[in-house]
Amino acid sequence: MGKLFDILRNGDADRLRQSWDQTEAAGELAPLPPGEYTAHIIAGALETGKTRGTPGYKLTFRVCDGEYTGRQFWHDIWLTAAALPMAKRDLAKIGVTSLEQLDLPLPRGIRCRCKLVMRSADDGADFNQVRTFAVVGIDPPEADAFAPPDDGTPSEPTAGTPTAAAAPGAAGDKSEGDAGKLPF
């Protein structure tokens, strides 16, 4: 194993040392305050509970506006006989109507209005819990400046060029009335 200053070159060691000396350590991230947030679902993944091995599906949300933009929170959907009524309710909101769909990636850009509450674990640690969420729209993905054009011809990316690609079946932003028709 090498040493830190062996892997730095061309004055990087001096810049890193100067930055280190001038940088304050970040504070610990506390849970988000209780309330309503607009967030995108950025991932959905099958999981197994840590304590009892309970099967579940975890949604990852990222706040997309306001003071806490970029912060993430999670919603566990448990796949047990007792929890299936709630699981089917929550999964239907994002267009999942069969167990087989849990193996597929979620469509991108699902925007939700989420209500977070604060809970305390047995050890006293506070954490966020998604009390409710509702899909309010589908946002097209941001343009990738490095993606090739759709017609296959090379071109320079133009700043601010909107993307033509959206989530499968999505044609731009959908209103709340269309939110139930997810492209899944």
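Where is the place of I7? The place of I7 is in helix α1, residues 4–7, with helices taken as DSSP runs of H or I of at least four residues, strands as E runs of at least two, and both numbered from the N terminus. This is a predicted model, in which local features need pLDDT of at least 70 and side-chain atom pairs count only at pLDDT 80 or more, while totals for chains, interfaces and linings use all residues. Residues are numbered from 1 along each chain as its sequence is written, and side-chain values use heavy atoms, with hydrogens and water left out.

I7 is exposed, at a relative accessible area of 57%; exposed means over 50%, buried under 20%, and partly exposed in between (1.4 Å probe, protein chains only).

Then there is the sheet. It is open, and its 5 strands run in the order β3-β2-β1-β4-β5 with antiparallel pairing; two strands pair if DSSP finds at least two bridges between them. β3 (72–78) and β5 (126–138) stand at the edges with a single partner strand each, so one side of each has no neighbour in the sheet. Further in, β1 (residues 35–48) and β2 (residues 55–63) pair in the antiparallel sense over 9 bridges, and E47 sits opposite G56 in β2.

As for R108, this residue lies in the loop between α3 (84–93) and β4 (110–120). R108 counts as exposed, because its relative accessibility is 54%. P141 is 33 residues away from R108 in sequence, yet the two are 6.9 Å apart in space, C-alpha to C-alpha.
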